[in-house]
Amino acid sequence: MSELARKLGAVRQTRRSTVSTGVSLPVLALLAGVAVFLLVGCFTSTIFAQQTVAGLAQGAIFASLALALVLIYRATEVINFAQGELAMATTYVAYQLLQWGVPYWVTFFLTLVIAFVLGVVIQLVFIRPVQHRSVIAVVIVTVGLFILIDGLVTWKWGADLKFMEAPFGNTVYHVGQVAFSRNDLGVLLVSILSVVLLWVLFQFTKLGLAMRAAALRPAAASLVGVRVNWMLAMGWGLAAVLGAVAGLMTEPTQFLQPTMMQPILLYAFAAAVLGGLESPAGAVVGGLMLGVFLNLLGQYVGFATSELRLPIAFGVLLLVLLVKPNGLLGRRQVRRV
Amino acid sequence: MAALLELEDVRARYGPVQALHGVSLTVDEGQIVAVLGANGAGKTTTLRAISNTVRREGAIRFAGNSVGRGGPDDVARLGIAHVPEGRGTFAELSVWENLRLGAYTRRGATKDDLARMSAYFPWIEERRNQQAGTLSGGEQQMLALARAFMQRPRLLLLDEPSLGLAPRLVTEIFRIVKDLNETEGLTVLVVEQNAHIALQLAQTAYVLEVGRVALSGPSAELQAHESIRRSYLGY
């Protein structure tokens, strides 16, 4: 067609490798090293294997909530401080449904739908009006939502511990000498499955592409016909769904109370920073790594008792911010103008 | 020839600054129309008024119907593709995803269009997985055209396609625009500082001065016009 364009293409092809923006080699090496270490550990020690699986289950919950934070961060450029409380509130909704006699898995999916609607409504009513003002205004609104949701839930259901039907039971499986709790495996499966489904939505569907475009470049997205406001609202809805998964998967080990998601949110925050706040894959990797790390530390390091779990998580967060502010998988912005 | 786009006394402002003081212009179906003018004359604002990316007053009709005051997304759905200042590249997404976004408002298969698009931009196919932000300026401009092509618009709004590009690339870009106009029957409203090349491309041109139409007419006439030659063509 055109000589010039073809030449340009040929020249650029040889340069392609130099402008790739994939994961850096040291990070890949680190992740591979961690994986090998865990695998070797699991085959040499049964306790190590047990703690690793339990840690992965914990980490999957961090990952779900961290991913919710990342989704909103990418679209709105704020950390949604109410994400944990929203997750807690939707878990109470599930509790209420179960009280009314709805079967667990029906409740599970109903809760996800309700969470989606709740997320969309919150974005429309509270976030959209202040979104164009300033980042700090949105942050303050999310802090306000934190207090509002916390208050409403305590007012409606009380602050005492509540118990819900356990979705996976208390069965323990034995593989050789290693004992896996059915609950851990179930939590891991459900969390990972929801993350994978979300990834498929974003990566392979037109809707997901439009949502990414709306979050990254709202002005350009609206020029190609994307309903940007709706996409952003749906982003909040999906984040709320992930939060609901995290809440529902947390409940069996923690019991239900209004403060139950507060530490989880902090772990999720650390996980998101570890992975790179911009990176969904990073949130998942960061969550899983943090969960396993904290569990193994508790097992093998005497002084790292449960009281130190949160401070240690924050130590990780601080370290990441000092050493590698973009996180493990956070992309450097490469752009030529 | 029927008028595809009509602007009547269109005004727009940015806060206290009035950018358009009543612009009227007509784009006939199948034409290429250029809007010329110095910096700050209101060229970009004119395009932004059409695509509703700036609040405006006055009447805009597209294919006989009044264009509402909805968002830019509504205008895009009418069949108007706007390649804005900065080219509207989704820099973080791949070339391929940029093209898919171009076809966002359309239903059904886009395979045929992809094949036809490749005829105009042969390099795009093999670089489909490259991150769009790593393309050169000229390539990003071509990608913007390809993205607009995928939208299958009746009208293309093109904002300063020559900006920041080497002269050879500018010629190349304008040749493709001409090609799209002749082969696909695409109507184009192009805003340009480079009056010389714009007048060669367009059949009709409007010259804006501080938010008003100062001159308009067939390109050939404007090219011969004394003040245009002195102010914009420089000879």
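Helix α4(A) meets helix α5(A) through Leu86(A), Thr90(A), Val93(A), Ala94(A), Leu97(A) and Leu98(A). On the α5(A) side, the partners are Tyr104(A), Thr107(A), Leu110(A), Thr111(A), Ile114(A), Ala115(A) and Leu118(A). Of the residues in this contact, 10 are nonpolar, three are polar and none is charged. The model is predicted.

Two packed helices are described by the angle between their axes and the distance between the axes. Helix α4 of chain A covers residues 83-99, and helix α5 of chain A covers residues 104-131. Their axes come within 9 Å and cross at roughly 140°. The crossing of α4(A) and α5(A) is right-handed.

The crossing of α3(A) with α11(A) is right-handed. From α3(A), the contact takes Ile61(A), Phe62(A), Ala63(A), Leu65(A), Ala66(A), Leu69(A) and Val70(A). From α11(A) come Ile264(A), Leu265(A), Tyr267(A), Ala268(A), Phe269(A), Ala271(A), Ala272(A) and Gly275(A). The residues of this contact are 14 nonpolar and one polar, with no charged residue.

Now step back to the whole of chain A. Its secondary structure comes to 13 helices and two strands. How compact is chain A, at 337 residues? Its radius of gyration is 21 Å, close to the 20 Å from the globule rule, so chain A is as compact as a globular protein of that length. Along the principal axes, the C-alpha atoms of chain A fill a box of roughly 70 × 50 × 35 Å. Buried residues make up 44% of chain A. Among contacts in chain A with a separation of 6 or more, 73% link residues 24 or more positions apart.

Leu215(B) sits in strand β10 of chain B, which spans residues 212-218. Is Leu215(B) buried or partly exposed? Leu215(B) has 16 C-beta neighbours inside 10 Å, so it counts as partly exposed. Leaving out residues up to four places away in sequence, Leu215(B) touches Val207(B), Leu222(B), His225(B) and Ile228(B). One of these, Ile228(B), is 13 residues from Leu215(B) along the chain, and their C-alpha atoms are separated by 9.0 Å.

Key
Residues numbered from 1 in each chain as written. Chains lettered and ligands numbered in written order. Predicted model: local features only at pLDDT ≥ 70, side-chain atom pairs only at ≥ 80, totals over all residues. Helix = DSSP H or I, 4+ residues; strand = E, 2+ residues; numbered from the N terminus. Buried ≥ 20, exposed ≤ 12 C-beta atoms within 10 Å, placed from the backbone. Contact = placed C-beta atoms within 7 Å. Axes fitted to C-alpha atoms, helices over the stretch in contact; angles between N-to-C directions. Left-handed = near helix turned anticlockwise from the far one by under 90°. Nonpolar A, V, L, I, M, F, W, Y, C, P; charged D, E, K, R; others polar. Rg over C-alpha atoms; globule rule 2.2 N^0.38 Å.
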